[in-house]
Amino acid sequence: MSTPSGPGTTGPTESRPDAHASRPELAPGGDEGTPGGPGSVGYGAVFAVREFRAVFAAHLVSMLGEVVGQIALSVLVFRLTGSPLLSALTFATSMLPYVIGGTLLSSVADRFPARRVLVVCDLVHAGCVAAMVVPGMPVAALLALRCVPAAISPVFSGTRAATLGDILGEGDAFVLGRSVIRITAQTAQLAGFGVGGLLLAAVSPRAALALTAAALLGSALVLRFGTRRRPARRLSGGGAPPATAGRCPLLGDSLSGMRRLFADRRIRALMLLSWVPPMFVVMPEVLLTPYSDGLGLGSVGLGLLMCGMPVGAVASEALVGSLLGPRARARLTLPVGIAAMLPALGYAVRPSFGWALALQVLTGCGIAYSLGLDQWFFAAVPDELRGRAMTVLTAGLMTAQGLGMAVAGAVAEFVPVHVVAAAAGGCGALCSLLVALEVRRTVSGPARIVRLG
């Protein structure tokens, strides 16, 4: 079982089968479960934890490597085939298998020690990328190799997210730790595209892929020697000993965990709140290429538009995490989650480049709603399901975004791009409002007296 050792704990604490019932749940606008009182612990306190610094370093190195590797693989496939479709499939195969891994492999995050899961996932990913470097590798094999890391990625992300609770505790430090991971991912994406472009101007795509494999190996080493070994989190089905847990088939265990998660109305509502806003937010973003073409913008203008949302996300999350405490962040969660789609309504008037860039930045600012949502979700999930819950959450997020991209692209074949973008904003705000109302309804017991929103 897990042994939290982050801020707010005086030593290892034993997780109990009834922990879900006894652990206070943070209601919207509340501060229950926040160690150290209602104030924010601050990003500095998060980085003061040695284990978190190791997780952060591994994440930064692997993210940069993955972004560079994604660009390199796309270029390599295009050079081998001359096909834009196959080149685009290198990006699609990095998202579509998420639902497979999140559904069939989610119990891995709780059945095995977290450090082992993280290191093995990094090593498998590095092995797949290294195989891509082999000269003469068929394009079909390259795409298949790209699917494997995508399938295990939700397991890795879910395990890491659950482990942050062990490292940082269950309060505000956990929320800010998750925030740092998101900020790093957005920043690494921006930097990775620039570095990847410069790198591919100097070396071949296969050489860039080799550097990606080396970065993933480095991440595995940092996690292996920079984090503590903890026992497997999960005791089968609510408290059976580890020996019994090992006899439960992996697939059945994963599906059983999903049924338990979705049977809980509160968890189900919070998952929807994690998935619905991002699904609609990406719709205008995926249409930026045809929209910029309609404005007569070149590749530089398109690149700036693509940077708008990550810049807004990094800035807003860093400011909200630094300047606001847990109570203020919780109160912002539902309004910001709904408002994230509203800037897209501006596309109805076919804005010029400057206004479109401003709309993208404002949309990116909506990611700040995740800070309060993380604490609610972590408090709602039982300890023994935490790894699986985070895995399913990640897989659902990627699947929802992929679905949103596909729907936007399909509709834009028949409807003007600016109309699709604006409609996505309106539909997204309405759907997010319905989900937010469901989240409010799931606040139980005395927590309802806390002022919502």
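This is a predicted model: local features need pLDDT of at least 70, side-chain atom pairs count only at pLDDT 80 or more; totals for chains, interfaces and linings use all residues.

Student: How many helices and how many strands does the protein chain have?

Tutor: Going by those DSSP runs, none of the elements is a strand. The count for the protein chain is zero strands and 21 helices.

Student: What percentage of the protein chain's residues count as buried?

Tutor: Buried means under 20% relative accessible area, exposed means over 50%, and partly exposed is in between (1.4 Å probe, protein chains only). Applied to the 453 residues of the protein chain, the buried share comes to 54%.

Student: How many residues of α19 are buried?

Tutor: The buried residues of α19 include Ser-370, Asp-374, Trp-376 and Ala-380. Helix α19 is largely enclosed by the rest of the structure, because the number buried is eleven of the eleven.

Student: At what angle do α17 and α19 pack?

Tutor: Axes here are lines fitted to C-alpha atoms, for helices over the stretch in contact, and angles run from 0 to 180 degrees between N-to-C directions. For α17 (residues 326–339) and α19 (residues 370–380), the axes are 7 Å apart and the angle is about 105°.

Student: Why is α17 described as roughly perpendicular to α19?

Tutor: Angles under 35 degrees count as roughly parallel, over 145 as roughly antiparallel, 65 to 115 as roughly perpendicular and the rest as oblique. Their packing angle is about 105°, which makes α17, relative to α19, roughly perpendicular.

Student: Which residues of α17 and α19 make the contact?

Tutor: Contact means heavy atoms within 4.5 Å. From α19 come Leu-371, Gly-372, Leu-373 and Trp-376, and from α17 come Arg-329, Ala-330, Thr-333 and Leu-334.

Student: Is Gly-364 buried or exposed?

Tutor: Gly-364 sits in helix α18 (residues 353–365). Leaving aside neighbours within four places in sequence, Gly-364 touches Met-309, Gly-312, Ala-313 and Ser-316. Its relative accessibility is 4%, so Gly-364 counts as buried.

Student: And Arg-350, buried or exposed?

Tutor: Arg-350 is in the loop between α17 and α18, and its phi is near 50°, a positive value in a residue other than glycine. Most residues other than glycine have a negative phi. With 54% relative accessibility, Arg-350 counts as exposed.

Student: Which element gives the most to the lining of the largest cavity?

Tutor: On a 1 Å grid over the protein atoms alone, a cavity is a set of points where a 1.4 Å probe fits but cannot get out, and lining residues have an atom within 4 Å of a point. Grid points are joined across faces, edges and corners, and a volume is the space filled by probe spheres set on the points. The search finds seven cavities of 30 Å³ or more, and the largest holds about 100 Å³. With four residues, the top contributor to its lining is α3.

How values were computed
Residues are numbered from 1 along each chain as its sequence is written. Side-chain values use heavy atoms; hydrogens and water are left out. On a 1 Å grid over the protein atoms alone, a cavity is a set of points where a 1.4 Å probe fits but cannot get out, and a pocket is an open set with protein on both sides within 12 Å along at least five of seven lines; lining residues have an atom within 4 Å of a point. Helices (H or I, at least four residues) and strands (E, at least two) are DSSP runs, numbered from the N terminus.
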